[in-house]
Each structure stands twice: as structure tokens, then as C-alpha cells.
Amino acid sequence: MEHSKPEDVQHIEEFEVEFDMSIFENEGKAPINNQAHVNNIEKMLAPKDAGVIIERSQDHMEATILITPPENGGAPLNPKQILETLQSKGIVYGIDMTMLKELMASPVYNEKIVIARGTPPIHGENGALKYAVKIEGRQAPKINEDGSVDFQNLELIQQVQRGQVLCKKTDATEGMPGKTVTGRVLMQTKGKPKALPAGNNTVVSPDGTKLVALRPGRLVILSDRICISDNYEIHEDINLSTGNINFDGHVSINGNVTSGYEVKATGDITISGVVEGALIEAGGNITVKGGVIGGSKGATVTCKGDLKCKFMENSTIMIQGNIWTEAIVRCEVGCGEELVATDIVGGNIVTGSNINARVCGSSAYTKTKLDSGTNPFLAKMEERLIMEMAATRKQMTEIDRIKMVLEELAKESRLDEEKASMLENLRFSNISNQNLLAAIQEELSGINQKKWSKFVPTVKFSKKVYPGVSVKIKDATYNVQTESNGKTFIFKDDEIFAR
């Protein structure tokens with residue numbers, strides 16, 4: 001049986017043939033360095049141990065391992081080689097220990113494998129604001145339930161109430177630093193804080209996360225800050241383009257109020273033009289620099305304060321304070337205090353105090369009724385205030401009950417964000433209700449003083465009074481029978497005397 005030659009011997013013979021051929025091919029040329037060929041052969045046939053090559057990415061966020069196999073009877077991979085090579089390359093962080101153990105137990109040759117990964121930094125998030133109210137007013141008309149379009153209530157402004165949350169803040173986050181596979185710390189970019197845009201009549205909540213209205217009014221943005229203004233200025237007529245006005249504060253109109261529209265305010269109302277067939281209602285004073293004309297629909301003007309008006313004609317005027325006007329023509333007037341006019345012609349006028357006018361009635365003997373000393377509002381005001389006080393106390397009791405439950409949850413750290421906001425609003429509401437009760441009690445005290453007052457009013461016409469005029473003071477009535485130049489009507493011993 002013929003034995004085959006060992007593989008190493010076959011390799012040597014092949015190199016010898018190649019060597020001899022190269023000598024033959026180089027005949028006549030410079031001699032070849034035979035020793036160099038021998039050294040190359042020896043090197044190629046020398047045993048080569050298994051090796052470990054570690055490479056790092058340019059940003060040092062990843063490291064790979066390549067294991068080379070042993071050759072020509074070289075030593076197999078020693079697990080310590082991997083650890084030593086990692087250490088020599090400075091790989092100290094993010095090493096995949098599971099992969100490392102697998103490679104130590106069962107090496108994978110000639111394949112690049114990720115052995116370590118760095119941790120990128122987590123950058124912080126900037127603080128953010130979330131508005132709880134509309135910043136822009138509604139411009140499009142409202143669609144009613146029946147499908148019709150409401151062009152009178154356009155809601156062009158954003159109104160808020162005391163204690164209402166206007167804006168919420170999300171705090172900036174710190175983020176977290178990262179680290180390269182070589183252990184170098186990569187600093188994160190911290191989030192930038194966002195301040196709550198607190199302006200006039202607003203306050204930041206105790207926990208610093210909310211902006212709250214300190215008073216009712218109109219929400220406005222001034223220099224990127226939320227402000228609550230109690231003034232609403234309108235530089236045009238109140239008509240189809242503006243719709244009705246209903247504002248918690250003072251209203252100033254640089255124009256007219258046209259027929260069929262309404263202007264309501266809890267504060268004062270000032271109108272530079274005329275009011276024609278419209279409704280004007282104020283919680284404070286009303287000033288109409290033009291005048292009030294009833295027109296075909298009739299005008300109604302009511303307020304809790306005083307009225308200053310150029311003139312009023314064919315209108316219903318109900319004023320709890322004083323009235324100052326040049327002319328009253330065929331109007332239904334209720335005045336809680338004193339009425340001062342230049343001319344009064346026709347209609348019915350009831351006042352709680354004096355009536356002073358230049359002329360009353362007309363040469364046509366127009367029927368004009370005056371009633372002085374009877375406040376038309378006291379009884380209704382008292383009734384309304386008593387009902388309002390009862391409702392406020394009932395609301396405060398209910399608020400206290402809910403607040404107690406929420407405060408117990410807060411003690412047990414079981415209050416979520418929504419309930420925490422509710423608790424804060426209830427606290428504001430309680431303070432507001434306490435102030436309201438004090439104001440109601442003060443008003444009731446004033447009403448009682450007026451009810452029991454011994455003040456006796458007078459009715460005075462400085463220039464002329466005509467027949468057709470009827471003057472009532474307290475329970476007595478005086479009917480003017482003749483035209484007179486200047487008269488003062490006084491009440492004495494249950495009778496009215498003219499002098």
C-alpha cells in the first residue's frame with residue numbers, strides 16, 4: 001500500500017519547484033536572494049496563535065471585536081486575551097457581558113461583532129406653556145341650535161372669572177449625561193425653563209405651575225404677558241360687525257349703539273354717540289354723550305350707578321343712582337336718588353329724592369307725572385340681595401364640603417393633577433364668596449338706612465311749569481292747574497304746597 005506524503009512536505013516540495021522555476025526564469029538576470037525566499041517560507045509555515053482585534057468608532061460610542069483563528073498549529077484563543085485587549089484599548093464602559101461570555105466559551109472567527117456600546121446623553125426638554133383659555137376672540141358668527149346664524153352674539157373677546165386657570169406650565173427637565181465606551185462623560189444639554197406669562201391682575205399658583213386670574217375681566221396679551229383688563233374699548237358703532245357686548249368690567253364705545261343691539265357691563269359704560277332702540281345695562285355708571293332715542297323698538301337704559309345723558313326720548317330709564325340730563329321727553333323713568341334735568345315733557349318719573357328742572361310740561365299741556373320720595377328699587381333690591389346672600393351661603397357650604405374631602409386626599413398624597421387644580425379653584429372661590437357676602441351685607445345696611453330715613457324731598461322748576469303736570473311727594477298729590485313761572489313743591493303736614 002502506497003503511503004501519501006504529509007501535507008507540510010507537499011507544501012515544501014511545491015515551494016521547491018516554484019523556487020527552481022524562478023531560478024530558471026531568471027537566467028541571465030541578477031541572482032535572486034535565495035535566503036529571503038526561505039525566510040518567507042518559514043514565516044508562512046510558522047505557527048500563528050488566535051488573535052483579538054478591537055476597533056473603536058470615531059465617536060467612541062461603539063467598539064467591535066474581531067477574533068482571528070489559530071494557524072499552523074498555533075495556540076487557540078485564551079479568554080484572557082479578550083479582556084486584556086479590551087483593557088489595552090481603553091474599553092471600560094458599555095461592554096456586552098453576555099456576548100463576551102459567549103465568545104470566551106465559543107469564539108466566532110473572522111467576524112466583526114459589537115462588543116461595547118456607549119450611552120448617548122439624554123438632553124433635557126424645555127419648559128412649555130399650555131393655555132387654558134382662548135387667546136384670540138371668536139370672529140365667526142355662532143350657529144344656533146335651529147341652524148340660524150346669530151350675528152348679534154359674536155363673542156369677540158375672551159372673558160375670564162376670578163380664580164380661573166389661564167395657563168399651565170410644564171417644568172424643564174435636566175436630562176441625563178451619557179458616556180463613551182472609553183468612559184468619557186458626555187454632558188447633556190439641560191432644558192430651558194419657561195416662565196409663566198404673569199401680567200396685571202394675574203397670580204402664579206403656590207406650586208408655581210399655573211397662572212390664575214385675580215379678578216374677572218377681559219383677557220389681553222401685552223408684551224407676551226397675560227393680563228386681565230377691566231376695560232373694553234370699542235372704536236366703532238355697535239352693530240352687525242361687533243354684535244352684542246356683554247363684559248365683566250367697564251365698556252367704552254367710541255360710536256353709536258344701533259337699534260336691536262345690547263351693551264351690558266358689570267362696571268361703567270361710556271358711549272360717545274347716541275343709543276337708538278337698544279338695551280344698555282351697567283353695574284356701575286352710564287354716560288351717553290349723544291342721547292337715548294327709543295325709535296321703533298324702544299330703548300331701555302338701566303344701571304346701579306348714575307346716568308349722565310344729553311337727552312332721552314321715548315325710552316325706559318331705570319337708574320338706581322342720580323340722573324343728570326338736558327331733556328326728558330315721554331319717558332318712563334325710575335330714579336333711586338336725585339333727578340336733575342333742563343326740560344321734562346311727558347311721561348312718568350319716579351325718584352327716591354329731589355327733582356330739579358328748568359321747565360316741566362309744555363304749552364300743549366302734555367300729561368307729565370312726577371313722583372318724588374318713592375324709591376322704586378329698594379324693595380326689589382332688598383329681596384334680590386337676601387336671595388343672593390342665601391344662595392352664596394349655600395354655595396360656600398357645598399364648597400367647604402368638597403374642599404374637606406380633597407384636602408384629606410391631599411394629606412394621603414392621593415390627589416391627581418385635576419383634583420389639585422379643583423382644590424385650588426375652590427379656595428379662590430371661597431375667598432371670592434366671602435368678599436361677596438360682605439358687599440351684600442353692606443348694601444342691605446344702606447337700604448335699611450334709606451327705608452327709615454326721615455328725609456323729605458322737594459320738586460323744583462326754576463323757570464316754568466305747565467298745566468298737565470302732576471306732582472306726588474310721599475302720599476300727597478298736587479295737580480298743576482295754571483302756567484307758572486318758577487315753582488317749588490314741598491311736603492308738609494301730609495300736604496304739598498307750591499311756592
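**Strands, salt bridges and a charged patch**

Biologist: How many bridges join β8 to strand β15, and in which sense do they run?

Modeller: Two strands pair if DSSP finds at least two bridges between them, and strands are DSSP runs (E, at least two residues) numbered from the N terminus. Here two bridges join β8 to β15 (residues 217-222), and the strands run antiparallel. V160 stands opposite G217 in β15. The model is predicted, so local features need pLDDT of at least 70 and side-chain atom pairs count only at pLDDT 80 or more, while totals for chains, interfaces and linings use all residues. Residues are numbered from 1 along each chain as its sequence is written, and side-chain values use heavy atoms, with hydrogens and water left out.

Biologist: In what order do the three strands of the open sheet lie?

Modeller: The order is β8-β15-β16, with antiparallel pairing. β8 (159-160) and β16 (225-229) are the edge strands, since each pairs on one side only.

Biologist: Which strands pair with β27 in the parallel sense?

Modeller: Among them is β24 (residues 286-288), which pairs with β27 (residues 307-313) over three bridges. In that pair, T287 stands opposite K308. β25 (residues 291-293) also pairs with β27 in the parallel sense, over two bridges, and the bridge partner of V292 is M312. Six bridges join β27 to β29 (residues 323-335), again parallel. There E313 stands opposite V329.

Biologist: What are the pairings of β36?

Modeller: β33 (residues 459-465) pairs with β36 in the antiparallel sense over three bridges, with V459 opposite F489. Four bridges join β36 to β37, and these two also run antiparallel. K492 stands opposite E495 in β37. The hairpin of β36 and β37 has two residues between the strands, and D493 takes a positive phi near 50° there.

Biologist: Where do D475, D493, D494 and E495 gather?

Modeller: They gather in a patch of negative charge on the surface. Patches are made of residues with over 30% relative accessible area and no salt bridge; like charges are joined within 9 Å, and Asp and Glu count as negative. D494 lies in the loop between β36 (487-492) and β37 (495-498).

Biologist: Is D494 buried or exposed?

Modeller: Buried means under 20% relative accessible area, exposed over 50%, and partly exposed in between, with a 1.4 Å probe and protein chains only. D494 has a relative accessible area of 64%, so D494 is exposed.

Biologist: How many salt bridges does a search of the whole structure find?

Modeller: A salt bridge is a side-chain nitrogen of Lys or Arg within 4 Å of a carboxyl oxygen of Asp or Glu. The search finds 18. One of the pairs is K190 with E174, whose closest N and O atoms are 3.4 Å apart. This pair links distant parts of the chain, 16 residues apart: K190 is in the loop between β12 (185-186) and β13 (202-204), and E174 is in the loop between β9 (165-170) and β10 (175-176). E174 is partly exposed at 49%.

Biologist: What is the N to O distance between R414 and E412?

Modeller: Their side chains meet in a salt bridge of 2.5 Å. R414 counts as exposed at 54% relative accessibility, and E412 as partly exposed at 44%. Salt bridges that share partners join K403, E407 and R427 into one network.

Note on methods:
Patches are made of residues with over 30% relative accessible area and no salt bridge: like charges are joined within 9 Å, nonpolar side chains (Val, Leu, Ile, Met, Phe, Trp, Tyr) within 5 Å. Accessible areas come from the Shrake-Rupley method with a 1.4 Å probe; for residues, only the protein chains shown count as cover. The place of a charge is taken as NZ of Lys, CZ of Arg, CG of Asp or CD of Glu.
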